[in-house]
Amino acid sequence: MTQQVKLYTFPPSLYGSIPRLLIAEKNIKNVENVTIDLSKAENFSPEYLKINPKHTVPSLEFTDETGKKVIEDNSIQVCKELDKISGTPQLYTDKNANEIDTYVKDMHDNADVGNTLFFTSRDPAELTRKKGLIVPFIQGRIQGFETYSKQAPEHKSLYDAFLNMSKHMAAQYQGEADAKPLFDMNAQNWTKAVAFLDKTESILLKSQGDYIFGDYSLADVHLTAWLYRQELVRGEENFQGRPAVKAYYERVKARPSFKETWG
Ligand SMILES: N[C@@H](CCC(=O)N[C@@H](CS)C(=O)NCC(=O)O)C(=O)O
């Protein structure tokens with residue numbers, strides 16, 4: 001890849017790690033990584049809102065064939081673009097595009113659970129265990145919203161909405177508000193995770209190769225990052241009764257790109 005591209009990401013982020021894994025997998029050079037610190041709500045800064053109005057990471061900034069500056073603002077498009085401009089081996093081709101698109105869309109639409117499972121808790125014990133991690137993260141964001149609200153009053157209603165949600169969640173972790181909605185949300189998201197894990201198990205059992213659709217593809221890049229977050233939030237529970245998913249995760253973990261991405 002000759003042109004310089006800019007990837008806006010945050011190392012601990014689930015979706016931000018998908019293109020980082022692809023970059024490691026294909027050894028893509030000329031990528032400038034710009035850290036958007038979600039723990040300080042930097043994804044809500046007035047500058048970043050211009051880049052990505054959905055205030056999410058990842059985003060990718062590059063120049064297209066006509067010389068026009070383009071920004072992709074979700075990991076699916078970011079990865080397709082990076083795969084295209086970085087050349088062979090192509091992980092998304094005419095041959096595998098349909099099955100990858102269907103599977104990845106299902107993951108993003110129906111199993112977008114990793115962040116919720118991380119920030120909520122399944123029961124009071126988990127709430128207590130995670131409090132020391134979650135509360136400082138939320139407090140950093142609260143500070144960010146308050147600062148940006150003064151700097152950019154045109155976004156005040158956005159900041160106020162997130163400020164209220166953040167304060168409420170901090171209160172739930174600190175025993176000052178009812179935490180039951182957090183437990184319910186956690187249970188609902190785990191149910192979605194189970195459905196997607198079961199579906200993945202059955203696809204893997206039919207696969208003609210070591211990976212989700214045979215050869216390693218863009219679907220594996222998304223799935224690896226998804227499983228990495230699942231392992232963090234639910235450990236071995238993900239793999240119980242799912243030997244194909246377990247063996248698959250061991251295989252993708254053994255690829256050098258995994259260590260490069262998550263250490
Ligand atoms: N569908 C989007 C989801 C992106 C997303 O939700 N990213 C999370 C980080 S993993 C984010 O930026 N959340 C905003 C926040 O934490 O305020 C994608 O695939 O890029």
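This is a predicted model: local features need pLDDT of at least 70, side-chain atom pairs count only at pLDDT 80 or more; totals for chains, interfaces and linings use all residues.
**Two annotated stretches**

UniProt, in an unreviewed entry, lists a "domain: GST C-terminal" over residues 147–263.

**Helix 8 and its neighbours**

Now find helix 8, which runs from residue 180 to 206. With 27 residues, helix 8 reaches 40 Å from its first C-alpha to its last, close to the 39 Å expected at 1.5 Å a residue. Its buried residues include Leu182, Phe183, Trp190, Phe196 and Leu204, along with Asn186, Asn189, Thr200 and Glu201. What do these buried residues pack against? The partners are helix 4 (97–110), helix 5 (114–119), helix 6 (124–151), helix 7 (156–173), helix 9 (218–234) and helix 10 (243–253).

Is Ser149 buried or exposed? Its relative accessibility is 14%, so Ser149 counts as buried, the cut-off being under 20%. Leaving aside residues up to four places away in sequence, Ser149 touches Lys156, Tyr159 and Asp160.

**Around the ligand**

Next, the ligand. There are 15 residues around the ligand, and Asn43, Thr56, Val57, Ser75 and Arg141 come nearest. Here are some distances to its oxygen atoms:

| Residue | Atom in the protein | Distance to a ligand oxygen |
|---|---|---|
| Ser75 | polar side-chain atom | 2.7 Å |
| Val57 | polar backbone atom | 2.9 Å |
| His108 | N or O atom in the side chain | 3.4 Å |

On its own, the ligand has 510 Å² of accessible area, and the protein covers 79% of that.

**A look at Lys54**

One last stop is Lys54, in the loop between helix 2 (46–51) and strand 3 (59–63). Lys54 has a relative accessible area of 45%, so it's partly exposed. Which residue does the side chain of Lys54 meet in a polar contact? That would be Asp73, whose side chain joins that of Lys54 at 3.3 Å. As for Val70, that residue is 16 places from Lys54 along the chain, and their C-alpha atoms are separated by 16 Å.

Definitions and conventions:
Residues are numbered from 1 along each chain as its sequence is written. Side-chain values use heavy atoms; hydrogens and water are left out. Helices (H or I, at least four residues) and strands (E, at least two) are DSSP runs, numbered from the N terminus. The expected span of a helix is 1.5 Å times one less than its number of residues. Buried means under 20% relative accessible area, exposed over 50%, partly exposed in between (1.4 Å probe, protein chains only). Contact means heavy atoms within 4.5 Å. UniProt positions are given in the numbering used here, feature names are shortened, and annotations may be inferred rather than shown by experiment. A residue is near a molecule or strand if one of its heavy atoms lies within 4 Å of it. A polar contact is a pair of N or O atoms within 3.5 Å; within protein, one must be able to donate a hydrogen and the other to accept it, and residues adjacent in sequence count only if both atoms are side-chain atoms. Accessible areas come from the Shrake-Rupley method with a 1.4 Å probe; for residues, only the protein chains shown count as cover.
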